[in-house]
Amino acid sequence: MEKIKIKINDNEVEVEQGKTILQVAKELNLHIPTLCYLEPLSPQGACRLCLVEDRGKLVTSCTTPVAPNMDIKLDTPNVVNSRKLILQLLFTERNHYCMYCEQSGNCELQNLGYEFGLDHFEFSTYEKKFSIDNSHDYIIMDPNRCVLCRRCVRACSELAGHFVLGEMNRGIETLIIADMNVPLGESSCTSCGLCAQVCPTGAIVDKRSVYLGKDVQTDIIYSNCNECAVGCGTKVYKKKNSNFIVKIYGDMDSEINGGVLCKIGRFSALFDEKPRVISSKIKDDFGFRKLDSDKIMKLISEKMDELYVYVDGSLFNEELELIKSIFKDKVYSLYPNEPQIPSNVTLNDLKNANEFIVIGVDLNREFGVIGSFVKRKVLGGDGKLAVFDSNFNSLAQISHYTFNLNELKDGLEKLKEFKSPIVIYKELPKDIIEILKGKENLKYLWLPPETNSIGLNKLNIKHEIKNSKTILFFGENIEALKNFDKNTFIIAFTPYEPEDLLRRANVIVGISNGFERDGTFYNLDGKLLKKEKILSPKFETLDLKKFLNEFKNVSLVK
Amino acid sequence: MKKIKVASIWCESCSGCHMSILDMDERLVELINKGLELNATPITDLKVPDDDTDIGIIEGAVATDHHEEEVKMMREKCKFIVAIGDCAVFGGIVTMRNYVPLNELLKRGYIETESTVDGKIPTSPELGKHLPKVKAVNEVIKVDYYIPGCPPSADAIYHVLKEILEGKTPVLTGELLKYE
Ligand code: SF4
Ligand code: SF4
Ligand code: SF4
Ligand code: SF4
Ligand code: FES
């Protein structure tokens, strides 16, 4: 990039052409207040707070590129007074009585008010009341607190790829709307929650988190989401000196997701009401009886010769390794973990691709962040999409081609304009796989069925259902335990307690869930990621790693 | 030593700001020793300040015609007006009523609340009449200094009074300005 010379605050500096004044100032560690600007969204120039003076003229630094001979002044009285005036106008337009706003204490507009010493309103306030949209399960939109910075609009489209939000009317009457002005809860919103994360004010808030506390009352823990095999980077806000999560944000600096999350990653921990296994118990003729960890060990030791061990992809590598080191070749995976056709593209390839064939998976419902990558290209006008599915697939609404799964062969023939598309699939019937394998121009991204499917695969833990007298299960997804013979004695180490489990298992041992233990897993790119321990175990659950280590020692002594 | 006369009133508000004044504790004595003299205040229970009052402190929003008269009287009798607390400074929590029609609001408050039996909207001529819109003090009279906060901290009030006593112009920054 070509370098040019400009003056900033009377110092001559060499800067790269093409950058904005704001970018250059940031690199020089010079502070310019901003409101509508947010990396990595495109600059909009909506709020005017980032004004600076260039040879006597006020310009917005977030949208103005540097140019030769510029003589920039950051803090002249003219600049400071203009910013104050703009802030005064922002505070008086709409309802900014912080006193009855849940965002107070966490608000960028309020912080700017503090920064500029605003101690009263200069103008009387605009009294028009806009109606609040409370139709969404997780999000409240309150236009009365909106400063029309359009961060939400840009984030929903440019980053999350959902293109739900837009604006309506003009001037002071402008409103942020969903789709063609329908309530958010009835719109095409996927509940990714990014708009609430980026909104600088109380205009879009996550209705649970906003009542749980302010950022200063939380500890921020960087961790990877382990709800699926994408492994998105998250910032988890945990209430200080308490044992609950206030909110989960996408980590804007994460190479995997760049800040975007899906509904599951953002909200499921906040709304986790699944019944937990609160202690360990064994079933006899009268029901369940409590069991302590020594007894569990004894029981397993006694059955050592007749048991097979099953694990699922909710376990971390460290736990899987320990289980393998104890039970050796008796360890199997309850679910398939082998790709039917291995991936030959990475997430980064996917982000840059323009041709997508999605087969048999609805990316608005699972692997939502993969959905974001596809949608931001397709809806952004830069990508082509074909969907093959035998079930309802919500992506069909935006795809250029939609086929039933059994039309795959002919359908692929019709995609003439697709040069080397990426096929995104999870699990498909054999004949479908054969058709795909016959094509040469296709690239593949396999969506592993479980979070740590790749870890299981790397440890060579095969999927095979063996019938035996006793089964030891470690994991979260008990679904396939049904496939075992009725007389099999099942000992399940698991965090949640669905009703079928009570019916089927003979011994149930409560373990911590994903937020209460830490460990590593491999995402679908084969990247080793870390899930941090955020919460302390809530019940008398057993520490799986500790238990396995003790058991290992006991069985070694024998 | 020249005395600095201080008067205060509260309009539509919860009196929390006056609690914050008392919350200055021994620093109130320090200010009195420096020349501060409490004139008409809810604390001294005098209603009308002297004509030569120096500082008039106003808590609360202007919600009725009585409040309007009172703040105008304060302006006439006091050299400096200090608006304290979010209600006086911005209109505060009281402005919530600006978004609901007045008759609906009175009905809800006096008749329809779940715990009310045979309620009725008070009509005594002694009561102030509601203005159509709740206002911040500076929408009615000129205000010289502002201390926002709900309630403002005793530290902020102390800072402002001390600066005025020492002949300086009080400016709130940092934590003293923070609403919470
Ligand atoms: S959005 Fe921010 S500035 Fe507006 S009322 Fe809420 S806290 Fe105050
Ligand atoms: S939750 Fe996500 S999809 Fe829905 S409006 Fe907000 S950013 Fe868009
Ligand atoms: S809702 Fe929030 S993010 Fe969107 S324009 Fe308004 S203030 Fe900005
Ligand atoms: S895509 Fe997967 S890893 Fe990312 S937030 Fe959603 S559930 Fe979590
Ligand atoms: S930050 Fe530049 S105009 Fe808003």
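**Group meeting: a ligand shell, a serine and an interface**

The shell around ligand 4 has seven nonpolar residues, two polar and one charged. On this scheme Ala, Val, Leu, Ile, Met, Phe, Trp, Tyr, Cys and Pro are nonpolar, Asp, Glu, Lys and Arg are charged, and the others, Gly among them, are polar. This is a predicted model, where local features need pLDDT of at least 70, side-chain atom pairs count only at pLDDT 80 or more, and totals for chains, interfaces and linings use all residues. Residues are numbered from 1 along each chain as its sequence is written, chains are lettered from A and ligands numbered from 1 in the order written, and side-chain values use heavy atoms, without hydrogens and water.

Who lines ligand 4? Among them are A:Cys225, A:Cys228, A:Cys232 and A:Cys262. The cut-off is one heavy atom within 4 Å.

Next, A:Ser254. It sits in the loop between β12 (245–250) and α6 (263–267) of chain A. Strands are DSSP E runs of at least two residues, helices H or I runs of at least four, numbered from the N terminus. A:Ser254 is buried, at 12% relative accessible area; buried means under 20%, with a 1.4 Å probe and protein chains only. Its side chain reaches the backbone nitrogen of A:Ile256 at 3.1 Å.

Now the interface. 21 residues of chain A contact 20 of chain B, counting heavy atoms within 4.5 Å. The two chains bury about 1900 Å² between them, 62% of it on carbon and sulfur atoms. That is accessible area (1.4 Å probe) lost on being put together, summed over both. The chain A side that touches chain B has eight nonpolar, eight polar and five charged residues.

Note on methods:
Buried means under 20% relative accessible area, exposed over 50%, partly exposed in between (1.4 Å probe, protein chains only). A polar contact is a pair of N or O atoms within 3.5 Å; within protein, one must be able to donate a hydrogen and the other to accept it, and residues adjacent in sequence count only if both atoms are side-chain atoms.
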